[in-house]
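Here is a short tour of some backbone features, a sheet and a pocket. Please keep the structure open while you read.

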Amino acid sequence: MAPTTPALETTAPDAVVIGAGPNGLVAANLLVDAGWSVEVLEANDDPGGAVRSDRGVHTDYVSDTFSAFYPLAAASPVLARLNLHEEGLRWSHAPRVLAHPLTDGRCAVLSRDRAATAAGLERFAPGDGLAWDNLCDIWDRLGDDILTALFTPFPPLRASARLLARLRGAGGLRLARTLLLPVRRLGEEEFQGEGGRLLLAGNALHADLAPEAAGSGGYGWLMAMLAQTVGFPAPVGGAGAFTDALVRRLRRRGGVLRCGERVDEVVVRAGRAVAVRTAHGETVAARRAVLADVAVPALYGDLVGPEHLPSRLLDDLRRFQWDWATFKVDWALSGPIPWNAEQAAAAGTVHLADGVDELTRFAAQLATARVPDRPFLLLGQMTTTDPSRSPAGTESVWAYTHVPHRIRGDAGDGGITGTWDAREREAMADRVEAQIERFAPGFRARVRARRILAPPTLQAMDANLHGGAINGGTTAVHQQLLFRPVPGTGRPETPVEGLYLASASAHPGGGVHGAPGANAARAALRSARPVRRGLARAQSALASRGRRPKDPVFDSASADGLPRTAP
């Protein structure tokens, strides 16, 4: 016999948050700050989602299980307002932010010292140092407004108005064109040598954007400018320290976190989310809202029954595109990586591809559903970044690359088919190590231990990482802004009243910055105001049809999306 739908008890929390990843924890913290009672339910035994660390590779080495560097967190006004330093969070930086070595020994280096970055690029080609300075000057004029627009609920009206005003003074349409360029073309227009082109292109491929993809130039520039200004910091002691700070803050302010509690269903009554039901059969009522830090196909495909959803939304979900699958290896090394290009030794993040052409080759193999034979690697030297990660003289290292979700062939000779059994996992890990050896001969001789995280392993460790997709959906322009996660308003409201999407599947997407969680929390707080409930119902109803009613309160919102004055 099915459990009965719960009554809304006065002892029930105001809000239930599904998932204790960074977005869920940010949402919960903002709600408790507003005086709400909040209960967070996490399926795993530990909180953090894709922000965790452990000693699973070697007992003497701390390894970040998923994400490791946090430029978006360092730049996020959402996280800045949480004052996580008061909860013990400290950041550490490598001597250099990023390096992109080539097999001939040359190396492009990005430093938080702008002059040092420019001087290094000048050695690739005369005039490229000045070209870098020019890109930095644009960031100086527009960066703050870009970040405000990025982290503000969509549409960011006030931030966009300021940005447009500044754009007119910074070149207007010409600059907009520049940022929409593929990163290959942007690099060719701005730089004569390979160095600057590599810094932009490698950063663009932090997302699932090929060098020839529209908008990849703007994304590569954004990440490069963040690297130049705030760096790629890592939490002292491991990524888990970031999660620990969010959890401590939440509990200190009265929030409840329960781990090992997988939610199987969002209970909907009369079109409103009123509770969740766990895998253990417990029903947890929510007096005001349910916020889901859950990938959108799982929310609408598993947790909310199709009878509660518009047919158009279900049809749009069939077109939802995941970002590339991920394959990751963690190592405990007996010593530093023996780079041919010595400059790479001081960088926290290292990009490994022998030029932009090799990046294009890698992306083309992914596009044709083949496992790359020379995978582009993002590599992290964590002890170089944070000496607490392993004993002196050693290095805690990871690298990841991307593979197709559905493999139709192997561009290499390993016969990898996508079953990801033990043989295929070892073969792909060996291929990753062979790529490192091209730039650092002798790397393998320093490996004490390694851990392989294939796409199914990543998903088993965090259900939001579907098939190893780490960004909650593609970063391509057809699934951004008002198209994220499906064509509509680009906002956290859903067709179910009182239910809000708080994961990286929502605007502005992947990366650890807390904006999807913050946007969902603010939407819940606004909708809870009696004068706004009718408007919230209308917004939810129109969300599935890609329309948004005129909202004078929202249209006069402040930069963080909250009304400037009470209605």
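## Cis peptide bonds

Pro 508 sits in the loop between β21 and α18 (515-527). In this predicted model, the peptide bond leading from His 507 into Pro 508 is cis, with omega near 5°.

A cis peptide bond also joins Arg 484 and Pro 485, where omega is about 0°. Pro 485 belongs to the loop between α17 (455-461) and β21 (499-501). As background, most peptide bonds are trans.

## Positive phi angles

Most residues other than glycine have a negative phi. Ala 270, not a glycine, has a positive phi of about 55°. You will find Ala 270 in the loop between β10 (263-269) and β11 (272-278), and its relative accessibility of 82% makes it exposed.

Trp 420 is not a glycine either, and its phi is positive at about 55°. Trp 420 lies in the loop between β19 (409-410) and α16 (422-439). Is Trp 420 buried or exposed? It counts as buried, because its relative accessibility is 7%, under the 20% cut-off.

## The open sheet

Seven strands make up an open, mixed sheet, ordered β7-β6-β15-β17-β18-β14-β20. From one strand to the next, the twist averages 20°.

Strands β6 (residues 96-101) and β15 (residues 347-352) run parallel and are joined by three bridges; Ala 99 stands opposite Val 350 in β15. Helix α9 (residues 194-204) lies across β6, β7 and β15, at about 65° to β7.

## A pocket to explore

The second largest pocket has a volume of about 380 Å³. Its lining counts 14 residues, with Trp 322, Asp 323, Pro 404, His 405 and Arg 406 nearest its centre. By class, the lining has eight nonpolar, three polar and three charged residues.

Terms used. Residues numbered from 1 in each chain as written. Predicted model: local features only at pLDDT ≥ 70, side-chain atom pairs only at ≥ 80, totals over all residues. Heavy atoms only, no water. Pairing = 2+ DSSP bridges. Helix = DSSP H or I, 4+ residues; strand = E, 2+ residues; numbered from the N terminus. Axes fitted to C-alpha atoms, helices over the stretch in contact; angles between N-to-C directions. Contact = heavy atoms within 4.5 Å. 1 Å grid on protein atoms, 1.4 Å probe; cavity = no way out; pocket = protein on both sides within 12 Å on 5 of 7 lines; lining within 4 Å. Points joined across faces, edges and corners; volume = space filled by probe spheres on them. Nonpolar A, V, L, I, M, F, W, Y, C, P; charged D, E, K, R; others polar. Buried < 20%, exposed > 50% of the residue type's maximum accessible area, 1.4 Å probe, protein only.
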